[in-house]
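Welcome! Here is a short briefing to read alongside the structure.

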Amino acid sequence: MFGLVGAFLVLYLVLPQFASAPAVVAALRKADWWWVLAVLPVTFISQVFSTCLQLGTIPARLLFGPTYGVQFASSFLNRITPNNVGGMALNLRYLQKTGIETGAATASVGLQSLVSAVSNAVLAAWFFAWAGRHHTGVHLHVPAGRYVLPAIALALAAGGLLGVTPAGRRFLREKVWPFLRAAGSTVTGVASDPAKLALLVTGALGLPLVQVVGLALSVRAFGGDLPFVQAGAVYMAARLVANAAPVPGGLGALEAGLIAGLTALGVAAGAATSAVLVYRLLTFWLNVPLGALALRAVQRKGYV
C-alpha cells in the first residue's frame, strides 16, 4: 500500500517539474561538471557522520570499520522502507550481534532517532531565522509555550490510565520499566563519557549539514549563486515536508520541495530541476548499489 501511494506521489509531485524539459536540457549542457564531481564525496562523508552518531549513542566500544559498513547497508534498506524502519532494524541487529543487551541496543537506536530529530529541528530553526533576518526580513517565531501544558496533561493522563488498571500496571512492570532502565543506563553511560558526547554531537549535526553542502554544490554546478544559509533553509524545509510522506527517503516529496524552494529564491527552473536531480542521483540513488554491496559484505562477515 505504501509503495503504491509513494508511486503516485512521485508521479504527482515530480513529473510536473519536467514541463520545463528544454530548460533542463540546456542547464545540463552548460553545467560545470567539476562542481558535480565535488558532490560525489558527500555520500561517503555522510556515512562517516552516521557512523559517529552510532558510536556516540552506545557506551560500548565499537569498531569503526564494521560500523561504517553497517551504516552503508542501513542506507540501502532505508531506500526501500519508509521512515528509516529498515535501517533501524539493521542497526539493532548489529548491536545485538556485538553482544549488547537488547534493551540497551533498542535504547541506542531510539536515542539516534531522538538526537537526529532534535538536531534537525535546531538546524531548521537556525537556518530559517538566519535566512529570514539577513535576506527576507522575516523572523522565525515559534510559540512553543502554548503546547507545553497540553503535552504535560496528556502525559499525566496516560500515566494515570496505566497506573490504575491491572493490565496497565503489568505492562509498566514487565515492558516499560525494563526498557526505561536499560535506556537510562545507556544514556547515563553516554552522558558520562565526553568522547561519546563529542561523537554524538558531531554525527547529529554533521549529517544534515553535509547534505546542505551537497545541495549548494549542485546548485553551483548549474550556475546558481545561492548563499549557504539559503541552501540550508531550502533543504531543511523540504526535509520537513518529505518526512511526512509515507515513502522511502521522502522520494518525490523531497525533490518537489527542493525544486520549489530553489525557484522561489530565484534559481532558474531548469537549473533548479537539474541541480536537484543530480544531487539526488549522487546522494540518494548512489546509495542503492553501494549499500547493497555493503549489506552483502556485513552479512558475509557475520556483523548482522
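**A first look at some side chains**

V118 has a relative accessibility of 45%, so it counts as partly exposed (buried means under 20% relative accessible area, exposed over 50%, partly exposed in between, with a 1.4 Å probe and protein chains only). This is a predicted model, in which local features need pLDDT of at least 70 and side-chain atom pairs count only at pLDDT 80 or more, while totals for chains, interfaces and linings use all residues. Residues are numbered from 1 along each chain as its sequence is written, and side-chain values use heavy atoms, leaving out hydrogens and water.

**Helix positions**
- V118 sits in helix α7 (residues 102-136); helices are DSSP runs of H or I with at least four residues, numbered from the N terminus.
- L240 belongs to helix α11 (residues 228-243), and its relative accessibility of 49% makes it partly exposed.

**Aromatic rings**
- There are eight aromatic pairs, counted when the ring centres of Phe, Tyr or Trp (its six-membered ring) lie within 6.5 Å; planes under 30 degrees apart are stacked, over 60 edge-to-face and the rest tilted.
- F44 and F72 make an edge-to-face pair, 5.9 Å centre to centre with 65° between the planes.
- This pair links distant parts of the chain, 28 residues apart: F44 is in helix α4 (residues 41-56) and F72 in helix α5 (residues 64-78).
- F44 is partly exposed at 36%, whereas F72 is buried at 7%.
- One aromatic cluster is formed by F44, F64, Y68 and F72.

Notes. Helix = DSSP H or I, 4+ residues; strand = E, 2+ residues; numbered from the N terminus.
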